[in-house]
Amino acid sequence: MIRSEGTRGTAVTALGILAVAAAYYAAGQIGLLRQVTVHGARVTPLWPPTGIALSALLYLGLRIWPGIALGSLLVVATVTGPVNLATPGIVAGNTLAPVCAYLMLRQAGFRKELDRLRDGVVLVFLGAMAGMLISASMGTTMLAVTGRLPFGQFWPVWAAWWAGDAMGVLIVTPVLLVMRRARLPRRTDRWAEATALAVVCVVLGLVATRSSLSMLYVTFPVLIWAALRFQLAGSAPCALVLSVLAIIAGSEKVGPFTGHTILEVMLNLTILNGSMALTALLLASIVSEGMNIRHRIEQACEELAEVVEHLAPGRSATAWPPRHRHKRDGH
C-alpha cells in the first residue's frame, strides 16, 4: 500500500512537471509573437512564462521546478537554435527567478487570494520587481560573456529583459490566481454589467492604442470600474486585455507609438503596463480587504445579537441596546 501510494504520488508529480513545461512553452510561443530586437537580443514587452511559472509554484509547490526548467530550455532552443554556451545560464536564470520569487512571497506571508493590500504589494515588489532581477541579470550576462551581446549594450538589453519578465508576473499571475476561485455572477444585472465592462474594455482599448491623439490614459477609468465592482476577477482580465492591445500597437508602431524607436516603445509599454497592473492589482486588493473587514464586522454584530438574545430570552435582539428614557417613570 505504501509503495502504491508513493508510486501514485510520483506519477502525479511527473504529470504536473510535464503540464507546467507544456504551459511554459506554449506561453513562450505566444510571447514570441510580439518579440522585438534590442541591440541584437530578442526581448518582449510582456513575457507570459514568468507568470505561468510563479503561479504554478504558488499552486503546486517547489516540486514542479523541473517543469519550469524544461519549458525554458524548449523556449530558448526555439529562439537561439541548437544549445549553445549561453543556454545553461539563461535556463538557470529563468528557473531561479520564479523559484526565488516564490520563496520570498512565502516568507512574506503571501496569500493566493490577493484579498489584502499587503498581498498586492509583496507580489509587485518581491514577486515581480525583485525576483525577476535574477533572470534578467543571468540571461544578459551569459549573452555578453559568450560574445552574443556587446558589453556596451548590456544595460539596455538588461532593462528590456527585466521589464518583460516583471510584466509577465504583474499581468499574468493575478489572472491565473483569480481563475481558480472566481465564481460566476448569479444576478442578471451583474452579467449585464460584466458584459458591458468587457465591451467597453475592448473598444476603449482599441481606440486608446490605435489613436494618434495619445489617449492611453482613458484605459484607467475602465480598470477602476472593474476593480470597484468586480475586484480582482474583473480588473486582472481587463489589465491583461489592455496590455495585449498596447503591445500589439507598440510592435506595429501605430497610434501613440508612431515615430518612436524600439527602446522608446519598450519604455512606453513598460510604464503603461506597469501602471495598469499596479492600478488593477492594488485597487482590487484594497476593495477586497475593505469588503472582508465589513463582512467580519457584520458577522461579529450577528454573533453579538445572538449572545444578547441568549442572555435575555424575553428581550428581542433588535431591541438592543435599550432606548434611553428622557423622563422617569411616573412623571
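This is a short tour of the structure, one selection at a time.

**Before you start**

The model is predicted, so to speak of local features a pLDDT of at least 70 is needed, side-chain atom pairs count only at pLDDT 80 or more, and totals for chains, interfaces and linings use all residues. Residues are numbered from 1 along each chain as its sequence is written, and side-chain values use heavy atoms, with hydrogens and water left out.

**Stop 1: the whole chain**

Show everything as a cartoon. The protein has 11 helices and two strands. Both kinds of element are DSSP runs, numbered from the N terminus: helices are H or I with at least four residues, strands are E with at least two. Along the sequence the pattern reads α-β-β-α-α-α-α-α-α-α-α-α-α.

Of the 331 residues, 42% count as buried. Buried means under 20% relative accessible area, exposed means over 50%, and partly exposed lies in between (1.4 Å probe, protein chains only). Now look at contacts, meaning heavy atoms within 4.5 Å. Among those with a separation of 6 or more, 74% join residues 24 or more positions apart.

**Stop 2: the surface**

Switch to a surface view. The protein exposes about 17800 Å², and carbon and sulfur atoms supply 65% of it. Accessible areas come from the Shrake-Rupley method with a 1.4 Å probe; for residues, only the protein chains shown count as cover.

Select Leu15, Leu18, Tyr25, Leu70, Leu73 and Leu74. They make a nonpolar surface patch of about 520 Å². Patch residues have over 30% relative accessible area and no salt bridge; like charges are joined within 9 Å, nonpolar side chains (Val, Leu, Ile, Met, Phe, Trp, Tyr) within 5 Å. A salt bridge is a side-chain nitrogen of Lys or Arg within 4 Å of a carboxyl oxygen of Asp or Glu. Helix 1 (2-32) and helix 3 (65-80) each supply at least two residues of this patch. Pick out Leu74, in helix 3. Leu74 counts as partly exposed, because its relative accessibility is 38%.

**Stop 3: a pocket**

Select Arg42, Val43, Val79, Thr80 and Trp161. Of the 22 residues that line the second largest pocket, these lie nearest its centre. Two or more lining residues come from each of helix 1, strand 2 (41-43), helix 3, helix 4 (87-107) and helix 7. Helix 3 gives the largest share, five residues. About 470 Å³ of space lies in this pocket.

On a 1 Å grid over the protein atoms alone, a pocket is an open set of points with protein on both sides within 12 Å along at least five of seven lines; a cavity is a set where a 1.4 Å probe fits but cannot get out; lining residues have an atom within 4 Å of a point. Points are joined across faces, edges and corners, and a volume is the space filled by probe spheres set on them.

**Stop 4: the largest cavity**

The whole structure holds three cavities of 30 Å³ or more. Select Leu170, Ile171, Pro174, Ala236, Ala239, Ala277, Ala280 and Leu281, which line the largest. About 40 Å³ of space lies there. Helix 7, helix 10 (232-252) and helix 11 each supply at least two lining residues.

Centre on Pro174, in helix 7 (residues 154-181). Pro174 counts as buried because its relative accessible area is 3%. Beyond neighbours within four places in sequence, Pro174 is in contact with Leu114, Leu123, Val169, Leu232, Ala236 and Leu281.

**Stop 5: Ser288**

Finish at Ser288, in helix 11 (residues 262-311). Is Ser288 buried or exposed? Ser288 counts as buried, because its relative accessibility is 13%. Leaving aside neighbours within four places in sequence, Ser288 is in contact with Asp115 and Gln231.
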